[in-house]
Amino acid sequence: MIKRFLLCIFLLFGLNSALFGQSAEEITKQAMQLLVDGKIEEAIEKFNQAIETDSTYVNAYINLGFVYYTSGILDSAFKLYYSALQIEPENPRIHNNLGAAYMTTGRTTQAVISYKLAIKFNPAYHEAYNNLGFALYSL
């Protein structure tokens with residue numbers, strides 16, 4: 001009887017968390033606001049929380065990768081972009097950001113490939129065209 005009671009409590013608690021917990025999208029929006037407020041470390045924690053909440057929510061990976069990229073923590077940025085590509089291999093933002101990270105590390109040829117993929121998956125992606133032009137000029 002006690003086992004059934006505890007099981008019911010556990011199930012109710014689990015359902016309650018699923019029903020009333022925040023989505024990865026909501027947590028990511030909070031992280032973005034923290035970035036606007038200049039609270040980088042707190043934003044990083046929120047992005048990680050979003051990824052833990054939904055490991056398939058690509059925007060959390062992309063945005064956290066960008067935070068690491070702009071902070072010069074390129075190994076972490078690359079890992080996040082590669083993880084995001086496993087989820088959405090045709091996402092142009094991932095390819096564009098990956099191209100920028102490649103450029104920063106002097107891997108211009110890989111950057112060109114990434115920018116071309118970004119354009120392939122979104123032919124109207126003007127930022128990727130600009131980045132591609134700069135990368136080609138740098139070869």
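Student: Where does Arg 107 lie?
Tutor: Arg 107 is in the loop between α6 and α7, the latter spanning 108-121. Helices here are DSSP runs of H or I with at least four residues, strands are E runs of at least two, and both are numbered from the N terminus.

Student: What sort of model is this?
Tutor: It is a predicted model, in which local features need pLDDT of at least 70, side-chain atom pairs count only at pLDDT 80 or more, and totals for chains, interfaces and linings use all residues. Residues are numbered from 1 along each chain as its sequence is written, and side-chain values use heavy atoms, with hydrogens and water left out.

Student: Back to Arg 107. How exposed is it?
Tutor: Arg 107 has a relative accessible area of 31%, so it counts as partly exposed. The scale is buried under 20% relative accessible area, exposed over 50%, and partly exposed in between, with a 1.4 Å probe and protein chains only.

Student: Which residues is Arg 107 in contact with?
Tutor: Phe 78 and Tyr 102, once neighbours within four places in sequence are set aside. Contact means heavy atoms within 4.5 Å.

Student: How far is Arg 107 from Ala 135, C-alpha to C-alpha?
Tutor: The two C-alpha atoms are 9.6 Å apart, and the residues are 28 apart along the chain.

Student: Step back. How many helices and strands are there in the protein?
Tutor: Eight helices and zero strands. Along the sequence that reads α-α-α-α-α-α-α-α.

Student: How much of the protein is buried?
Tutor: Of its 139 residues, 36% are buried. The protein exposes about 8800 Å², and carbon and sulfur atoms supply 60% of that. Accessible areas come from the Shrake-Rupley method with a 1.4 Å probe, and for residues only the protein chains shown count as cover.

Student: What share of the contacts is between residues 24 or more positions apart?
Tutor: 41%, taken over contacts with a separation of 6 or more.

Student: Now packing. What describes two packed helices?
Tutor: The angle between their axes and the distance between the axes. Axes are lines fitted to C-alpha atoms, for helices over the stretch in contact, and angles run from 0 to 180 degrees between N-to-C directions.

Student: At what angle do α3 and α4 cross?
Tutor: Roughly 150 degrees, with the axes of α3 (residues 40-53) and α4 (residues 58-70) coming within 9 Å. That makes α3 roughly antiparallel to α4. Under 35 degrees counts as roughly parallel, over 145 as roughly antiparallel, 65 to 115 as roughly perpendicular, and the rest as oblique.

Student: Which residues of α3 and α4 meet?
Tutor: On the α3 side they are Ile 40, Ile 44, Phe 47, Asn 48, Ala 50 and Ile 51; on the α4 side, Ala 60, Tyr 61, Asn 63, Leu 64, Val 67 and Tyr 68. By class, this contact has ten nonpolar, two polar and no charged residues. Nonpolar covers Ala, Val, Leu, Ile, Met, Phe, Trp, Tyr, Cys and Pro; charged covers Asp, Glu, Lys and Arg; the others, Gly among them, are polar.

Student: α3 also holds Glu 45. Is Glu 45 buried or exposed?
Tutor: Glu 45 is exposed, at a relative accessible area of 57%. From Glu 45 to Ile 27 is 10.0 Å between C-alpha atoms, at 18 residues apart in sequence.

Student: How do α4 and α5 cross?
Tutor: At roughly 160 degrees, their axes coming within 8 Å. They are therefore roughly antiparallel to each other. Their contact has 13 nonpolar, three polar and no charged residues.

Student: And how do α5 and α6 pack?
Tutor: Helix α5 (residues 74-87) packs against α6 at about 150 degrees, with the axes 10 Å apart. This pair, too, is roughly antiparallel.

Student: Last one. Why does Asn 97 count as buried?
Tutor: Because its relative accessibility is 12%. Asn 97 sits in α6 (residues 92-104). Apart from neighbours within four places in sequence, Asn 97 is in contact with Ile 62, Phe 66 and Tyr 81.
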